[in-house]
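Open the model in your viewer and keep the sequence panel beside it. The tour below goes from one selection to the next.

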Amino acid sequence: MLALLGLLPGGPLLAGDIEIIDPYARASRPGAPTGAIFMSIQNAGTIADRLVAAKSPAAAVVQIHTHIEESGIMKMREVEAGIPVPAGGTHTLSRGGDHVMLMGVTQDLVDGETVPLTLVFEIAGEVVIAVPVDNARGQPARRAGQ
Ligand SMILES: [Cu+2]
């Protein structure tokens, strides 16, 4: 039954037990060759999953990044092992934390346009989404545990 549900024409953001909530992209700065994509990844399943890769025609290189503090300075670092999404849980990619990094963008990230993005999960497989560009979105308040 669960396998059958995966074949039904559901929303484009849904693949099996993984749902992508509120994705948005923004340029690192106006006209920059880099950008980042943020979202919440919800895993409704009973098996932990992992975001292992991302790809997009909108950038030459797409990597999964996080921020780490080094000598008091926050630096971006590729997360080669991917990002775990616990069973029944949500992992949020947010400003100052985990993000999908676009390097060598092939089109300007213009407000109101969308960026095609394929997220590759260990269990759920590929999830294809259209990410709206929202350069004007403000920095969210920091919350503990994110
Ligand atoms: Cu980055």
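Select Asp-22 to begin: this residue is found in strand β2, where strands (E, at least two residues) and helices (H or I, at least four) are DSSP runs numbered from the N terminus. The model is a predicted one, in which local features need pLDDT of at least 70 and side-chain atom pairs count only at pLDDT 80 or more, while totals for chains, interfaces and linings use all residues. Residue numbers start from 1 along each chain as its sequence is written.

Is Asp-22 buried or exposed? Asp-22 is exposed, because 10 other C-beta atoms lie within 10 Å. The cut-offs are 20 or more other C-beta atoms within 10 Å of a residue's own for buried, 12 or fewer for exposed, and partly exposed in between, with C-beta atoms placed from the backbone. Check the backbone of Asp-22 as well: its phi is positive, about 55°, although Asp-22 is not a glycine. Most residues other than glycine have a negative phi.

Next, select Ser-71, in the loop between β5 and β6 (73-78). Ser-71 also is not a glycine and has a positive phi of about 55°. Ser-71 counts as exposed because it has 5 C-beta neighbours inside 10 Å.

Now zoom out to the protein chain. It has 1 helix and 11 strands, in the order α-β-β-β-β-β-β-β-β-β-β-β along the sequence. Of its 146 residues, 29% count as buried. Two residues are in contact if their C-beta atoms, placed from the backbone, lie within 7 Å. Among contacts between residues at least 6 apart in sequence, 68% join residues at least 24 apart.

Which of its 30 residues touch the most other members? They are Ile-37, Val-100, Leu-117 and Leu-119. Elements that give two or more residues to this core include β2 (18-27), β3 (34-43), β9 (99-105) and β10.

Stay on Leu-119 and show what it touches. Leaving out residues up to four places away in sequence, Leu-119 touches Ile-20, Leu-51, Ala-54, Val-127 and Ile-129.

The last stop is Ala-124, in the loop between β10 (114-121) and β11 (125-132). Ala-124 is buried, because 23 other C-beta atoms lie within 10 Å. Draw a line from Ala-124 to Leu-51, C-alpha to C-alpha: the two are 9.2 Å apart in space and 73 residues apart in sequence.

Technical notes: A nonpolar core is a set of buried Ala, Val, Leu, Ile, Met, Phe, Trp, Tyr and Cys residues joined through C-beta atoms within 7 Å.
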